[in-house]
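Please look over the model shown below before reading the notes. The points are grouped by topic.

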Amino acid sequence: MIATREANATPAARVATAALLLAIAGCGPAPIDPSRQVGADPYLPAIHQYLLPPMHVAKVVGWNGATPSAAAGLKVQPFATGLANPRSLYVLPNGDVLVVETGGPPAPVSRPKELVMNWVEKMAHSRTKPGQRILLFRDLNGDGVPDQSSVFLDHLHSPFGVVLVDNDLYVADTDALLRFPYTTGATQITAAGVKLCDLPGGPIDHHWTKSLTASPDGTFLYAGVGSNSNITENGMQAEVGRASIWQIERATGAHREFATGLRNPNGLQFEPQTHTLWAVVNERDELGPDLVPDYLTSVRDGAFYGWPYSYYGQHIDPRVRPQRPDLVAKAIVPDYALSSHVAPLGLVFYTGTNLPAHYRGGAFVGEHGSWDRSVLNGYKIVYVPFSDGRPAGPAEDVVTGFLIDGDKARGRPVGLAVDGQGALLIADDTGNSVWRVSNASGT
Amino acid sequence: MAMPTINTRYINPRSRVSVRGHPLHALLVPIPISCFFATLVTDIVYWRTAAMLWADISAWLLVIGLSFSLFAVAAGLIDFLADGRIRELRAAWIHAFGNIAVIVLSIVNAMIHTRDAYTSVVPAGLILSAVVVVMLAVTVWNGSSLVYRHGVGVREQEAP
């Protein structure tokens with residue numbers, strides 16, 4: 001009897017709860033069409049501050065044999081499946097593909113809000129316990145399907161960025177930049193890593209992914225160090241050395257902040273034509289469904305990009321104290337908006353020849369997808385055409401199908417790479433897979 | 001001296017929800033009262049220092065105060081409904097409705113305190129915290145009238 005009554009009461013109670021939460025949280029503005037915020041001059045609405053933090057995560061349903069959909073002229077096939085939270089990719093010169101299985105350190109709880117937020121964030125991710133290692137996949141016959149795999153490097157600490165310079169393989173753990181000896185063709189590294197320098201890590205470590213790349217001449221390494229909060233709510237002392245891109249001298253480990261005010265910079269890459277550094281940046285939350293647009297930008301030496309004091313130049317964030325008008329005056333506008341809350345985490349410039357000519361010279365961006373917007377945004381790979389080393393034209397959807405029915409996630413794309421044949425590889429942390437996108441009429 | 005006549009007018013209104021004669025409502029209310037008062041203090045310190053620790057403490061105080069106030073409300077409401085003599089007291093109505101308003105405002109205040117950094121306190125959170133303390137002064141005064149003037153929940157004295 002009781003069970004029946006509860007079963008009857010539950011939908012009504014659910015509707016009542018949902019209605020109440022919508023009444024409280026939903027009194028914000030309706031989301032706009034994200035295309036208004038793609039490109040050099042995004043529409044920026046007025047700030048809306050909520051009574052309750054907006055949270056709308058896609059329910060994780062997995063792929064169950066399905067694959068993502070690709071734009072015309074492209075095909076998608078699984079490259080690796082059954083992984084444990086693959087988040088970033090790196091292709092070695094001999095074509096071996098490194099897949100970084102990783103997860104962040106546990107988030108501390110300093111406010112009652114974080115009890116709820118941590119739980120919601122857990123719901124948005126795969127239930128698989130993340131690996132803390134790098135796997136190697138080798139395709140022997142060039143058919144785009146790996147024939148061998150091995151554990152390449154194990155026992156890492158929330159690794160993310162990987163880059164090879166000569167015979168030095170660098171891995172960015174969340175709290176240290178490590179160097180390992182690499183010989184061409186190696187399938188495993190057992191040597192202990194040598195620490196080149198510390199990176200800002202715990203105990204808070206809010207944005208923990210440390211993206212990594214090397215200057216074209218190999219003299220410097222560049223590491224993306226995300227902020228330790230959404231908008232300084234863990235105190236300014238927690239932000240020392242963060243929200244910046246570090247330039248690290250490879251020979252000595254000496255480092256400095258190359259550019260600052262970048263809330264969570266990822267996907268560090270040198271643009272092949274102009275040899276300038278580019279990154280995708282996750283902007284701040286809780287100012288409304290359409291603030292603040294995440295972006296793709298070139299990164300200038302010494303430049304300040306606004307966080308936390310302002311966004312898109314001189315738009316002041318009222319949540320930051322003390323304010324710094326002197327820094328706001330210097331803040332520069334990023335190059336190319338990707339629209340709000342898409343969470344870009346992967347970036348790769350395409351210089352291969354496998355994909356149709358349309359995709360040459362531009363940038364692919366992996367958008368992990370929103371968790372705080374009533375209409376989900378992101379959850380796809382877009383292509384931003386470039387001309388003379390600058391974005392030239394609207395972003396196009398290239399790989400989709402990560403979302404179904406508007407609010408269920410089969411997977412979520414993160415890191416990108418181009419393999420030895422010129423196909424695009426996509427790390428899917430929630431689908432625990434790596435996808436390979438190639439020319440529909442080839443391998 | 002003659003025994004007093006058994007007349008309900010001379011018997012104190014009773015508390016139904018009590019532990020060995022100690023009304024549960026009176027045992028619980030110091031916690032939310034202290035928490036909401038302390039929230040005003042930590043909000044003011046945050047407003048003056050912008051040191052996040054104080055805003056974090058405010059957020060915890062509001063959640064702890066609200067959690068205990070649920071039990072205090074339940075105990076108080078049962079006492080209020082169970083004895084008609086309590087409901088005849090004007091102070092009881094001011095106390096009850098005043099405290100419901102305190103709780104509603106504190107729920108909104110706790111939501112505002114979920115924002116990040118400065119606007120989680122200034123200005124809306126700080127104003128609500130101050131309004132709640134002013135309202136508490138009125139409701140606590142009326143609540144103590146119920147006990148110290150009207151003897152609600154006070155055990156009868158044996159005649160000397």
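Predicted model: local features only at pLDDT ≥ 70, side-chain atom pairs only at ≥ 80, totals over all residues.

Residues are numbered from 1 along each chain as its sequence is written, while chains are lettered from A and ligands numbered from 1 in the order in which they are written. Helices (H or I, at least four residues) and strands (E, at least two) are DSSP runs, numbered from the N terminus.

**Contact between chains A and B**

- Chain B gives 15 residues to the contact and chain A gives 20 residues; two residues are in contact if their C-beta atoms, placed from the backbone, lie within 7 Å.
- On the side of chain B that touches chain A, the elements giving two or more residues are helix H3 (52-82) and helix H5 (90-112) of chain B.
- H3(B) supplies the largest share of that side, five residues.
- By class, that side of chain B has 10 nonpolar, two polar and three charged residues. Ala, Val, Leu, Ile, Met, Phe, Trp, Tyr, Cys and Pro count as nonpolar, Asp, Glu, Lys and Arg as charged, and the others, Gly among them, as polar.

**Sheet S9-S10-S11-S12 of chain A**

- Four strands form an open sheet in the order S9-S10-S11-S12 (chain A), and their pairing is antiparallel; two strands pair if DSSP finds at least two bridges between them.
- Strand S9 (161-165) and strand S12 (194-198) of chain A are the edge strands, each pairing on one side only.
- On average, neighbouring strands of this sheet are turned by 20° against each other, direction ignored. Axes are lines fitted to C-alpha atoms, for helices over the stretch in contact, and angles run from 0 to 180 degrees between N-to-C directions.
- Five bridges pair S9(A) with S10(A) in the antiparallel sense, and A:Gly161 stands opposite A:Ala172 in S10(A).
- The hairpin of S9(A) and S10(A) has two residues between the strands, and A:Asp166 in the turn has a positive phi of about 55°.
- S10(A) and S11(A) also pair in the antiparallel sense over five bridges, and they form a hairpin with three residues between them.
- Four of the five residues of strand S10 (residues 168-172) of chain A are buried, so this strand is largely enclosed by the rest of the structure. A residue is buried if 20 or more other C-beta atoms lie within 10 Å of its own, exposed if 12 or fewer, and partly exposed in between; C-beta atoms are placed from the backbone.
- Strand S11 (residues 176-181) of chain A runs antiparallel to S12(A), joined by four bridges, with A:Ala176 opposite A:Asp198 in S12(A).

**Sheet S4-S33-S32-S31 of chain A**

- An open sheet of four strands has the order S4-S33-S32-S31 (chain A), with antiparallel pairing.
- Strand S4 (74-80) and strand S31 (413-418) of chain A stand at the edges with a single partner strand each, so one side of each is left without a neighbour in the sheet.
- From one strand to the next, the twist averages 25°.

**Backbone details in chain A**

- A cis peptide bond joins A:Leu291 and A:Val292, with omega about -5°.
- The peptide bond from A:Trp307 to A:Pro308 is also cis, with omega near 0°.
- A:Asn85 is not a glycine but has a positive phi of about 65°; A:Asn85 is buried, with 22 other C-beta atoms within 10 Å.
- A:Ala243 has a positive phi near 50° and counts as buried, with 27 C-beta neighbours inside 10 Å.
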